Every structure is written in C-alpha cells, then in structure tokens.
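Reader: Hi! Could we go through this one together? I'd like to ask as we go.

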Amino acid sequence: MHRKAAAVCAIAVAVAVLLAGCASGTRSGGGALGGRDGPGSNIPSDLDRVPDAEPRIEAIRGSGGTSKPYTVLGRAYQPITDDRPFRESGIASWYGRKFHSASTASGEPYDMYAMTAAHKTLPLPSYVRVRNPANGREVIVRVNDRGPFVDGRIIDLSYTAALKLDLLRGVAPVEIERITNEDIRTGAWRRDSGTAYASASQPPRAEPAPVAVPSAWVAPVAMNAAAPASAMPVAPQTPMASTAPADRIAQAAPAPEPEAASPRQPIMVTDLPPLAPLTAPPPAPAAASQGAAPSSPSAAAAGFWVQLGAFRERDGAESLRSQAARGLPTLAPQLRVFSEAGTHRLQAGPFASRSEAGEAVTQLRESLRIAPMVVERR
C-alpha cells in the first residue's frame with residue numbers, strides 16, 4: 001500500500017510540473033541551469049537589429065494542453081481560449097541563460113535571443129505589442145510560455161526584447177496589448193512607421209507627449225518609497241538567486257508586494273486628463289522646501305520636470321518626497337507634489353532643458369534606485 005501511495009503521489013507531482021510550464025524549476029531542456037539567471041556569457045553583438053516577431057494567424061486551442069486551468073504556488077489561473085482583445089499595464093521582467101534552450105509551456109525551446117515572452121493567461125501562442133512608457137519604445141513579441149509567477153509582474157520578456165525596450169537594468173512598468181487573429185487577418189495591427197523602436201544611441205525626441213501614469217503602477221511605486229535602497233531592483237550584474245523553486249526569477253530583485261492584497265485582475269490602461277495650462281506663477285523654491293507643495297497642476301511652471309512617482313494617496317507622494325530630499329538635498333527645493341483626478345504626482349523641476357532634467361534622472365536613479373521619467377509642462 002505504501003508503494004502504491006508513493007506512485008500516485010509521484011504521478012500527481014509530474015502532472016503539476018507539466019501544467020506549471022515555465023513556472024517549474026524542473027525543465028526538460030538542456031539549457032536550464034541551477035542558481036542565478038543572467039544575460040549569458042557569449043551575447044551576440046547585433047541583438048538590437050533582431051526584427052520583431054511577425055504576427056501570423058495561429059489557431060487558439062479551446063481545450064487541452066495550454067488551455068487547461070492550472071495552479072502555481074497555490075494560485076489558480078484560467079487561460080483565455082478565444083480571440084479577444086486584451087490590454088494590461090504593470091511590471092515587466094526578463095529571463096535569460098538559466099532557461100535558454102529549456103522547454104517552454106508550449107513545448108517549444110526557449111530562445112533568449114528571439115522575440116518571445118511569457119504570460120500567465122494569454123492563449124499560447126499569442127502576439128503582443130509591448131510599450132515602455134518611460135521612453136516610448138515598442139516591440140512585438142510572440143507569447144509561447146507561462147509566467148512570471150511573482151506578484152505584481154505581468155510579463156516575462158526574452159533577453160532581446162528587454163534589450164530593445166531598454167529594460168535590462170531591472171523590472172519596470174510596461175503596457176501590453178494583444179494582437180488578435182482578426183487584427184492579423186485585416187492588417188489592422190500594422191503601423192505606417194513600423195515598431196517604435198529607437199536604438200540606445202538615439203537621443204530622445206525633442207517634444208514627446210506627456211507621459212500618463214496608469215493607476216496600476218501606484219502601489220509598487222508607493223512601496224518602493226518606503227523600502228530601503230537595498231530592496232530596490234538591481235542591475236543584471238548582481239542577479240539574485242531564486243527563493244522559490246516554482247518561480248522563474250529574472251536578474252532583478254523581487255518586485256515589492258502591494259500594500260493591500262486583492263485578487264489580481266487584468267488592468268485596463270486609462271489615460272489621465274491632460275495637464276492644465278499655466279495660469280499662475282510658481283511659488284518660491286523656499287516655500288516648496290518647507291513643505292508647501294501645490295495641489296493643483298495650474299501652479300506648475302512650464303518646462304521640463306522629472307516625475308519620481310504617482311500615487312493614489314498623497315501620503316505616499318509625501319513619503320517619497322521626504323526620502324528624495326534626504327538622499328539628494330540639492331534637489332529638495334525643486335520637489336513638488338501635484339494632485340489631479342485622484343492621482344498625486346511627485347515631480348522635480350522645472351528644468352530649462354531636457355538634458356538638465358536627464359541629469360536629475362540619473363542622480364535619482366543612482367541614489368534612490370527608482371525609475372523616474374521626464375515630462376514636459378507647457
């Protein structure tokens with residue numbers, strides 16, 4: 001009887017591993033390595049010229065295989081089995097040499113140098129447009145794997161896709177949109193100018209549109225504000241070992257948990273209202289340094305500003321403001337909190353040019369381990 005029970009248990013474990021797909025630490029491919037993940041030792045020199053995945057109509061399984069409901073780390077997932085549109089915003093990570101050549105959830109070998117990705121519920125395969133709102137870059141990837149199974153993350157990108165989006169330094173917010181079979185059939189997915197990818201050496205556009213911050217990013221940013229610098233995402237040169245065998249951890253540190261636990265639902269991207277024009281002169285820098293932060297965008301001077309974060313609660317913005325003021329005292333007089341439409345933005349400025357704002361971005365990134373962005377007020 002003991003042998004029979006052991007055999008049944010072994011079969012159950014094998015089935016769980018199969019359903020978990022890329023979430024499992026056990027892989028059938030020969031490229032899965034133990035320990036840390038990372039970029040690899042022999043990286044091709046021309047990855048920036050790798051073309052995006054070319055969308056083509058691929059049948060969606062209605063049952064069996066990758067369409068079955070599955071459970072990972074105690075959480076149940078229901079894959080999508082129809083050709084519906086799908087948009088989501090949240091945190092992206094990437095995975096590399098640890099899983100290179102290993103079997104993905106779809107049964108295909110993982111190629112870290114191809115334009116692919118992993119998602120928890122999208123049909124396998126699916127084609128997805130991924131946008132980095134911090135720099136406007138976009139890529140198209142083919143989703144052929146399951147994951148990432150870390151709270152707060154919505155997509156795991158291949159090394160090349162992360163490179164083209166400039167996300168190799170750590171996890172970062174992205175927006176994703178599924179390209180449906182109907183979009184492919186009609187050609188509606190195509191854009192006249194092609195994918196909005198700019199090489200790393202290309203300077204930013206002179207006058208980009210202001211960047212709207214979806215409310216879905218608020219909780220992770222607010223949590224980062226309260227966490228010490230050592231808990232922030234780190235560069236791939238210092239990858240962290242996986243803390244759970246059923247998880248695929250990329251080179252970055254685990255994303256911080258949101259303050260309020262709630263069931264995860266797909267998040268629709270909602271643009272915030274445009275900023276109001278300048279109607280009043282800004283207060284003196286001394287007033288800002290003493291805590292008299294404006295609550296209306298109309299009090300902001302025109303020019304280039306550096307946005308450190310956006311929050312549902314003003315306390316979160318003020319907490320990050322205090323942390324930034326301690327870390328960079330010279331920037332403290334320029335830190336302001338602007339409140340509109342239920343969102344509280346912490347920004348520093350104004351700066352006379354985009355290059356000056358870029359210098360502040362570099363200082364903040366190195367000092368606080370956050371990912372600020374440049375916005376323009378007119």
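Reader: Which residue in S11 is the bridge partner of Val337?

Author: That's Leu346. Keep in mind that we're looking at a predicted model.

Reader: Okay, and how many bridges join S10 to S11?

Author: Six, and the two strands run antiparallel, with S11 covering residues 343-351.

Reader: What packs on that sheet?

Author: Helix H6, residues 314-327, touches S10, S11 and strand S9 (303-311). The direction of H6 makes about 170 degrees with that of S10. Helix H7, residues 354-368, packs on the sheet as well, touching S9, S11 and S12. For H7, the angle to the direction of S9 is about 35 degrees.

Reader: Nice. In what order do the strands come?

Author: The order is S10-S11-S9-S12, four strands in an open sheet with antiparallel pairing.

Reader: And why is one side of S10 and of S12 left without a neighbour in the sheet?

Author: Because S10 (335-340) and S12 (373-377) are the edge strands, and each has a single partner strand. Neighbouring strands here are turned by 40 degrees against each other on average, direction ignored.

Reader: Switching topic: where does Asp156 lie?

Author: In strand S7, which spans residues 153-157.

Reader: Is Asp156 buried or exposed?

Author: Buried, because its relative accessibility is 0% and the cut-off for buried is under 20%.

Reader: So what does the side chain of Asp156 have a polar contact with?

Author: With the side chain of Ser93, at 2.4 Å. A polar atom of the Asp156 side chain also lies 3.5 Å from the backbone nitrogen of Trp94.

Technical notes
Residues numbered from 1 in each chain as written. Predicted model: local features only at pLDDT ≥ 70, side-chain atom pairs only at ≥ 80, totals over all residues. Heavy atoms only, no water. Pairing = 2+ DSSP bridges. Axes fitted to C-alpha atoms, helices over the stretch in contact; angles between N-to-C directions. Contact = heavy atoms within 4.5 Å. Buried < 20%, exposed > 50% of the residue type's maximum accessible area, 1.4 Å probe, protein only. Polar contact = N/O pair within 3.5 Å; in protein donor to acceptor, adjacent residues only side chain to side chain.
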